[in-house]
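Hello,

Here is the structure for your files. Please open it alongside this note; what I found follows below.

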Amino acid sequence: MGMTSYLVNGVQDQYSDGKAAKVWHLYIGGKKRTEEYKDNMVNLLKEHDVQTVLDSACGTGVDSVMLLEAGFTVKSVDASDKMLKYAYKLRWQRHKDNPVYDDWEIGEGDWLDLDNCEDTITHPEIGYDAVICIGNSFAHLPDFAGDNSLQKVAISNFHKMLKPGGILIIDHRNYDHIIKHGALPNSSSQLYYQGDRIHKIKTSVLTVDTQATMVTLDYEIDITGIAIEKDQM
């Protein structure tokens with residue numbers, strides 16, 4: 001999954017230039033990372049007898065692919081068309097060798113209005129067994145009013161997507177630690193983000209009237225020798 005960005009009340013899509021999507025695989029890491037993360041996620045889903053999953057922040061599709069190949073039925077949405085470009089490409093590349101990809105539905109979806117992604121994917125009438133929002137994605141939804149109103153709308157919409165007894169999985173950084181210490185915990189990059197080309201992570205906390213209002217993580221990634229695809233969109 002990946003990070004998701006939103007165009008809400010005039011806020012600019014932070015991934016609209018497509019730069020993050022081009023190096024996403026370097027950011028999160030390769031097969032080793034997927035296998036380790038897969039063990040945690042798949043075991044959790046199986047504990048709750050999950051079969052159908054809505055990946056609400058699919059990004060380039062890497063985690064949706066992980067779950068598809070583990071035997072789950074997955075539908076995937078993201079608000080960033082630049083990220084989805086790579087998810088569509090993954091589906092095309094893999095459908096020739098595995099028929100499960102023929103049924104993988106992908107589309108643009110806004111957490112604040114999930115019903116309106118019905119023109120690109122079809123939600124099951126009885127709801128999903130699980131909705132996932134992983135990869136620190138939920139933290140990218142802004143809190144303009146300072147009352148978590150947008151977050152409450154998003155959570156409510158996730159709930160509407162679930163069948164009775166379904167589960168919602170959200171993961172995010174340890175922001176309590178970041179705000180207190182001004183840096184990431186030493187172990188924070190060892191589960192989801194395992195790119196071996198991450199050179200440095202710079203952490204900053206914006207404080208207004210003694211209250212932390214924004215955390216920024218700047219990643220320096222070594223792309224030496226890597227062919228970066230030119231954006232045709």
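The expected span of a helix is 1.5 Å times one less than its number of residues. Helices here are DSSP runs of H or I with at least four residues, strands are E runs of at least two, and both are numbered from the N terminus. This is a predicted model: local features need pLDDT of at least 70, side-chain atom pairs count only at pLDDT 80 or more, and totals for chains, interfaces and linings use all residues. Residues are numbered from 1 along each chain as its sequence is written, and side-chain values use heavy atoms, with hydrogens and water left out.

Helix 5 first. It covers residues 81–94, so its 14 residues should span 20 Å; the end C-alpha atoms are 20 Å apart, which agrees. Its buried residues (under 20% relative accessible area, 1.4 Å probe, protein chains only; exposed is over 50%, partly exposed in between) include Lys82, Met83, Tyr86 and Leu90.

Tyr88 also sits in helix 5. It counts as partly exposed because its relative accessibility is 33%. Tyr88 touches (heavy atoms within 4.5 Å) Ile106 and Gly107, leaving aside residues up to four places away in sequence. Thr60 is 28 residues from Tyr88 in sequence, yet 8.2 Å away, C-alpha to C-alpha.

Now the cores. A nonpolar core is a set of buried Ala, Val, Leu, Ile, Met, Phe, Trp, Tyr and Cys residues joined through side-chain atoms within 4.5 Å. The largest has 24 residues; Met41, Leu45 and Phe72 are among those touching the most other members. Helix 5 and strand 5 (162–170) are among the elements that each supply at least two of its residues. A second, separate core has 17 residues, including Phe138 and Met161.

Best wishes
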